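Student: I am new to this structure. Could you take me through the terms used to describe it?
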Amino acid sequence: MLRISLLLRRALSQPLRVTEKQCISGTPKWIPKRFVSIFVTSGSSIVRPPVTADGAAFATTQSASVRHYAKAKDKKKDKKNAPAKVAINDEQLGSMIDLPALRTQMEKSLAVMREDYIKNLSLRSTTGSIETLRISFEGKDYQLQELAQVVRKNPKTIVVNLVSFPQTIPAVLQAIQRSGMNLNPQQDGTTLFIPVPKVTREHREGLAKNAKVLFIKCRDRIKDAQNQSIKKLKKQSNTSEDEAYQAQQQITQIADGFIKEAEKMMESKQAELLGD
C-alpha cells in the first residue's frame, strides 16, 4: 500500500498533459480510476485532484466544456401540395353526362348572382330595383311591378300601392325585408312606405355582407348541379370505375371554375361597396 502511495505521489508531482480526445474518451489507462478522476477545464490541459498526506486523491467536480454542433438543416420550406389541375376532356365527359346542360345550369347561377348584385346591392335604392323585386306567392314568382304600382314620392321615400292585390302584402313585405337592400317598409292599409336609408359606413358594410350571402347562394346552386351530375354518373352501369372517377374529377373541376368566377365577382362588388 505504501509503495502504491509513493508511485502515485511521484506521478502526480510531474506535469501531465493529455489531448481533449483522451479526456473525453476516458482516463488514461495507466492511472487507476479508483484514485484519480480527470475533468477537462480548457483546451487540452487537465486539472489534477488534490492529494492528502497519505496519497489519497479527492475528485473535484468540474464540468467538461464540450461543443456539440447540430447538423445542418435544410432551409427550404416545404411547399403546400397544391391539388393538381384536371384536364377537361369534353368529348369523353360529354359521352357520359349532358355536359352542355351542366355548363348552362352553372352559367345561369352566375347570371342570377350578377343580376341580384345589380338590383339589390346599390348604394342608393332605386325605384327600378324595387319594381323588379321577385315576389313568391302561391307557388309562383312575380315581379313587384306586376302586383303593385311603385312610385318615388320624394328622394327619401318610395311608395308601393298594392290596392289591386292586397292578399300579396305579407309576401311583398317579406321579400322587401330579405332583399338585402337594408329596407324597412311601413304599412298603411294597402300602401307600403319605404324609407330610403342614408349611405353610412354601417349601410355599406351591411351591403357587403349581403354580397357574400348572395355568393353563398350561387355557390350552393353550382354545387347542387355538380352533385346531381355525379349521382347520374354513378348510376350508369356501362361505365368502368376508373372512367367514372375521372369524369367525377372533371365535373368537380368545372364547378370549381364557376365558383372561383363567382368569388371574384363578390370580391369586386365588396370593394365597390366599401369604397376600397
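What follows is a short exchange about helix packing, salt bridges and cores.

Tutor: This is a predicted model: local features need pLDDT of at least 70, side-chain atom pairs count only at pLDDT 80 or more, and totals for chains, interfaces and linings use all residues. Residues are numbered from 1 along each chain as its sequence is written, and side-chain values use heavy atoms, with hydrogens and water left out.

Student: Why are α4 and α9 called roughly parallel?

Tutor: Helix α4 (residues 99-120) and helix α9 (residues 241-274) pack at an angle of about 10°. Angles under 35 degrees count as roughly parallel, over 145 as roughly antiparallel, 65 to 115 as roughly perpendicular and the rest as oblique. So α4 and α9 are roughly parallel to each other. Their axes, α4 to α9, lie 11 Å apart.

Student: Which residues of α4 and α9 meet?

Tutor: Contact means heavy atoms within 4.5 Å. Among those in α4 are L99, M106, M113 and Y117. Those in α9 include I254, A255, F258 and K269. By class, the contact of α4 with α9 has 13 nonpolar, no polar and five charged residues.

Student: What makes D116 and R134 a salt bridge?

Tutor: A salt bridge needs a side-chain nitrogen of Lys or Arg within 4 Å of a carboxyl oxygen of Asp or Glu. For D116 and R134 the N to O distance is 3.2 Å, and the pair is a salt bridge. D116 is in helix α4 and R134 in strand β3 (residues 134-137), 18 residues apart, so the pair links distant parts of the chain.

Student: Is D116 buried or exposed?

Tutor: Buried means under 20% relative accessible area, exposed over 50%, partly exposed in between (1.4 Å probe, protein chains only). D116 has 10% relative accessibility, so D116 counts as buried. R134, at 42%, is partly exposed.

Student: How many salt bridges does the structure hold?

Tutor: Four. One of them joins E272 and K269 (3.5 Å, N to O). E272 and K269 are three residues apart in helix α9, which means about one helical turn separates them. K269 has 13% relative accessibility and therefore counts as buried.

Student: What makes a nonpolar core?

Tutor: A nonpolar core is a set of buried Ala, Val, Leu, Ile, Met, Phe, Trp, Tyr and Cys residues joined through side-chain atoms within 4.5 Å. The largest here has 29 residues; I97, M106, M113 and Y117 have the most contacts inside it. Its largest share, 10 residues, comes from α9.

Definitions and conventions:
Axes fitted to C-alpha atoms, helices over the stretch in contact; angles between N-to-C directions. Helix = DSSP H or I, 4+ residues; strand = E, 2+ residues; numbered from the N terminus. Nonpolar A, V, L, I, M, F, W, Y, C, P; charged D, E, K, R; others polar.
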